[in-house]
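The sequence and the model are shown first.

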Amino acid sequence: MRVLAISGSPRRNGNTDILIHTALDVLAAEGVETDFLSLADHPVKPCIACGGCFRGDEVRCVQKDPAFDGILDRVAAAQGILVGSPVYFGSATPQTMALLDRIGYVARRHPDLLRRKVGAAVVVARRAGQNFTFAQLNYFFLIAEMIVPGSNYWNVAFGREKGQVQNDTEGLDTVKTLARNMAWLMKKLDG
Ligand SMILES: Cc1cc2nc3c(=O)[nH]c(=O)nc-3n(C[C@H](O)[C@H](O)[C@H](O)COP(=O)(O)O)c2cc1C
């Protein structure tokens, strides 16, 4: 059982990465294999609506983009997908949505890429827009037939400068509870 965690922050080791690693530590302790992908290291191009993913039977995006190459394999190998994004002007980052648009369109053609896998989002904001962004990411999971675990609060936390999210203990606890529920759900679905 594996979770692919995608950080949509362009800022390495920032607040989004901290939230994701908080979740991954819990998942690892629960015996779930983890795979971390930072879009700061893989600047993925956006979807160009070429429709190439609908041609042929191969699970692929036809755009030439070394950063994207291999990501579909990592998605296919995971039973859970954790997406983290900072809030940028009230929504998820362009980096996050560029990747999700492309994975999502391939999955329209090949639904088993995401169908009945577990999807969860974590979001960090300085001040506002976190609920919209949280909903935005959950819309992605729900149109892809994914199953979304909850926590004891919405999976949002606050911080501005790198590391500030460490001060939001309630936010970190929410993410830990989410990760425990994600592991629980994945084990149920695996059985
Ligand atoms: C371009 C840009 C837009 C932002 N827009 C918002 C916003 O709408 N609401 C908010 O609360 N914070 C906003 N922020 C602050 C970030 O969400 C915040 O600094 C967050 O902790 C960054 O996460 P990171 O460390 O993972 O990059 C914005 C930051 C940037 C760079």
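Predicted model: local features only at pLDDT ≥ 70, side-chain atom pairs only at ≥ 80, totals over all residues.

Which residues are exposed on the other side of α4? They are Tyr139 and Ile143.

**Overall fold**

The protein contains five helices and five strands. Read from the N terminus, its elements follow the order β-α-β-α-β-α-β-α-β-α. The radius of gyration is 16 Å, close to the 16 Å given by the globule rule for 191 residues, so the protein is as compact as a globular protein of that length. The C-alpha trace spans about 50 × 40 × 25 Å along the principal axes. Of the 191 residues, 42% are buried. Among contacts between residues at least 6 apart in sequence, 75% join residues at least 24 apart.

**The sheet**

The five strands form an open sheet in the order β2-β1-β3-β4-β5, with parallel pairing. The edges are held by β2 (33-38) and β5, each of which has a single partner strand, so one side of each lacks a neighbour in the sheet. On average, neighbouring strands are turned by 15° against each other, direction ignored. Seven bridges join β3 and β4 in the parallel sense. Proline 86 has valine 124, in β4, as its bridge partner.

| Helix | Angle to β4 |
|---|---|
| α4 | about 160° |
| α5 (residues 169-190) | about 170° |

In position, α4 lies across β3, β4 and β5, while α5 packs on the sheet and touches β3, β4 and β5.

**Helix α4**

Helix α4 covers residues 130-143, 14 residues in total. From its first C-alpha to its last it reaches 20 Å, close to the 20 Å expected at 1.5 Å a residue. Its buried residues are Gln130, Thr133, Phe134, Gln136, Leu137, Phe140 and Phe141. An α-helix has 3.6 residues a turn, so residues three or four places apart point the same way.

What do the buried residues of α4 pack against? Their partners are β3 (80-86), α3 (94-109), β4 (118-125) and β5 (156-158). Tyr139 and Ile143, by contrast, are exposed on the other side of the helix. Just after α4, glutamate 145 takes a positive phi of about 65°.

Technical notes
Residues numbered from 1 in each chain as written. Helix = DSSP H or I, 4+ residues; strand = E, 2+ residues; numbered from the N terminus. Expected span 1.5 Å × (residues − 1). Buried ≥ 20, exposed ≤ 12 C-beta atoms within 10 Å, placed from the backbone. Contact = placed C-beta atoms within 7 Å. Pairing = 2+ DSSP bridges. Axes fitted to C-alpha atoms, helices over the stretch in contact; angles between N-to-C directions. Rg over C-alpha atoms; globule rule 2.2 N^0.38 Å.
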